[in-house]
Amino acid sequence: MIRIRPRRLRLTQSIRDMASETRLSSSMLVYPVFIREGNNIIEDIPAMPGQKRYSPDTLPRILERAANNRIGAVLFFGIPEHKDECGSSAYDEDGVIQKAIRISKREFPNLTVIGDVCLCEYTSHGHCGLIRNNDVDNDSTLELLSRIAVSQADAGADIVAPSSMMDGQIHSIRDALDDSGHTDTLIFSYAVKYASAFYGPFREAAGSAPSFGDRKTYQMNPKNKREALKEALIDVEEGADMIMVKPALPYLDVIHSVKERVLVPVGAYCVSGEYSMMKAAAQNGWLDEKRIVCESAISIARAGADIIITYHALELSEWIRNEEV
Ligand code: PBG
């Protein structure tokens with residue numbers, strides 16, 4: 001005989017917690033930080049209320065909160081003063097991101113630092129690679145990306161995160177890191193990065209909007225999922241230690257499928273547009289910020305993400321600590 005148990009059991013909160021299928025922890029969260037050149041600067045990013053740009057000297061103020069909350073890592077984006085055709089300040093030993101990494105490792109040695117490896121914030125044209133004949137040239141860009149990765153590892157980055165979507169970038173960066181003695185530096189690949197409108201606020205924050213054309217030739221078509229699996233598998237083959245899917249909420253199905261196919265940790269990046277959308281609704285009093293942020297993070301974890309990169313990482317880690325999630 002089949003016995004049907006009522007679903008509306010009145011369980012205690014602690015039984016619900018014990019039996020829940022999905023959990024969040026501070027250690028799975030990554031907090032992205034924008035660092036601009038200059039001194040004594042903390043400035044608002046209008047399209048991302050609550051997020052700021054820091055100069056290297058003010059950076060420790062926000063890192064202290066990240067370190068105290070014991071989040072998994074911080075992810076650095078550099079905003080240089082000087083931009084040129086080939087993004088040379090991206091691999092400058094004294095570039096803004098290299099300075100930020102050194103300060104972070106000096107002040108908070110146990111806080112894991114991830115460096116974003118890309119060119120779009122550093123090039124005058126705003127594309128993620130070198131331009132030849134009005135188009136991004138994949139192969140000549142690889143060498144530059146490798147130089148950026150090595151310069152960040154030299155400065156002390158624990159992990160580098162290549163985000164430019166050039167073919168072969170993981171292979172070439174792994175070789176360059178190994179050749180320069182950085183065999184312990186990990187690669188967190190933005191393997192699955194869609195050409196998304198959700199990056200809008202980031203491009204304002206980092207001043208990285210392309211001055212002509214778009215990124216559709218190197219970022220992925222939102223209509224494709226199997227292509228995501230192909231990109232993820234190639235990057236693992238090339239030596240990626242972790243794989244990222246980006247954006248997160250509109251691509252939960254992709255996160256799930258990638259997780260089923262690869263045997264490395266999977267991260268999901270809840271990007272600037274996702275953040276700003278939630279923030280705007282909350283500021284208007286239309287949605288409860290804490291509840292939507294927690295529910296979204298749980299959905300991303302339930303889809304299979306081991307790591308969540310989110311601009312809400314600091315608040316989330318506090319809510320997790322206070323058992324409010
Ligand atoms: C750099 C990069 C972008 C983001 C992360 N790395 C922007 C882009 O491709 O335009 C977006 C992150 C966000 O929107 O929060 N290539």
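User: How far is an oxygen atom of the ligand from an N or O atom in the side chain of Ser272?
Analyst: The model is predicted: local features need pLDDT of at least 70, side-chain atom pairs count only at pLDDT 80 or more, and totals for chains, interfaces and linings use all residues. Residues are numbered from 1 along each chain as its sequence is written, and side-chain values use heavy atoms, with hydrogens and water left out. The side chain of Ser272 has an N or O atom whose distance to an oxygen atom of the ligand is 2.7 Å.

User: How much of the ligand's accessible area does the protein cover?
Analyst: On its own, the ligand has 400 Å² of accessible area (Shrake-Rupley, 1.4 Å probe). The share of this area that the protein covers is 100%.

User: Which residues come nearest to the ligand?
Analyst: There are 18 residues around the ligand (a heavy atom within 4 Å). Those that come nearest are Lys193, Arg203, Lys246, Ser272 and Tyr311.

User: How many helices and strands does the protein chain have?
Analyst: Both are DSSP runs (helices H or I, at least four residues; strands E, at least two). The count for the protein chain is 11 helices and 12 strands.

User: What is the radius of gyration of the protein chain?
Analyst: For 325 residues the globule rule (2.2 Å times the number of residues to the power 0.38) gives 20 Å. The chain is close to that value, so it is as compact as a globular protein of that length. Its radius of gyration, taken over C-alpha atoms, is 20 Å.

User: Which peptide bond is cis, with omega near -10 degrees?
Analyst: Pro247 lies in the loop between strand 10 (242–246) and helix 8 (252–261). The cis bond runs from Lys246 to Pro247.

User: What is phi of Asn40 near?
Analyst: Asn40 sits in the loop that joins strand 1 (29–36) and strand 2 (42–44). Its phi is positive, in a residue other than glycine, and is near 60 degrees.

Terms used: Polar contact = N/O pair within 3.5 Å; in protein donor to acceptor, adjacent residues only side chain to side chain.
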